[in-house]
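Let's look at which side chains pair up in this protein, and where the partners sit. Keep the picture open while you read.

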Amino acid sequence: MFTKMKKSTIGWAATVVCLTFAGVSDARCVGGYAGQPAGGAALSCFNEFFGAVQSTCSGGHNWEVPLMTDSSGAKTVHMTGSAGANALSCSTYGLNSTATSYWAGSQLNWVNQGATYYTSTGASIPSGGYLYVYCSFAGAGAQLDTLDWNS
């Protein structure tokens, strides 16, 4: 019974976070686990936790999350994450359709912090381009909870 209640409570809390931070009607929100391993990282180095992604391996490994957009232009991405002594660092990128040019947003860093909400600005996508977030986990224990952005 406790497990079911705990999962339900955490699920509702994640939904409230997404709805609260989205704020505007054209915003979108996903859990960190909506992404995939990147840069040669093994999927076994990550764990899904109620839609969030947690690192489980020592040493550095990377995770990327593609973000669906409806329009070109400047994008603002809000992220919630946490990290103990093993840091978490995430950056946003807008790329053109051929992936030959990119516009990077600000880099966000979590070190020795509980769940903290940060905003990355500066990523921009041209017409036909795309947006994604690239995160580096320095070791086990760091977690990327939610991402929300203007579409």
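## Aromatic pairs

In this predicted model, the count of aromatic pairs comes to seven. One of them is Phe49 with Phe50: the ring centres are 4.7 Å apart and the planes sit at 80°, so this pair is edge-to-face.

Now turn to Tyr93 and Tyr132, which make a stacked pair, with 5.6 Å from centre to centre and 25° between the planes. Tyr93 belongs to strand 7 and Tyr132 to strand 11, so this pair ties together parts that are 39 residues apart in sequence. Tyr93 has 22% relative accessibility, so it counts as partly exposed. There's also an aromatic cluster to look for, formed by Tyr33, Phe46, Trp63 and Phe137.

## Two disulfides

How many disulfides does the structure hold? It holds two. One joins Cys45 to Cys57, with 2.2 Å from S to S. The torsion about that S-S bond is about -90°, so the link between Cys45 and Cys57 is left-handed. Is Cys45 buried or exposed? Its relative accessible area is 13%, so Cys45 is buried.

The other disulfide is formed by Cys90 and Cys135, whose sulfur atoms are 2.1 Å apart. This one is right-handed, with 110° about the S-S bond. Cys90 is in strand 7 (residues 88-95) and Cys135 is in strand 11 (residues 130-137), so the link ties together parts that are 45 residues apart in sequence. Both ends are tucked away: Cys90 is buried at 1% relative accessible area, and Cys135 is buried at 0%.

## One salt bridge

Search the whole structure and you'll find one salt bridge. Which residue does Arg28 pair with? Its partner is Asp70, and the closest N and O atoms are 2.9 Å apart.

How open are the two partners? Arg28 counts as partly exposed, at 28% relative accessibility, whereas Asp70 is exposed, with a relative accessible area of 56%.

Definitions and conventions
Residues numbered from 1 in each chain as written. Predicted model: local features only at pLDDT ≥ 70, side-chain atom pairs only at ≥ 80, totals over all residues. Heavy atoms only, no water. Salt bridge = Lys/Arg side-chain N within 4 Å of Asp/Glu carboxyl O. Buried < 20%, exposed > 50% of the residue type's maximum accessible area, 1.4 Å probe, protein only. Disulfide = S-S within 2.5 Å. Helix = DSSP H or I, 4+ residues; strand = E, 2+ residues; numbered from the N terminus. Phe/Tyr/Trp six-rings, centres within 6.5 Å; stacked < 30°, edge-to-face > 60°.
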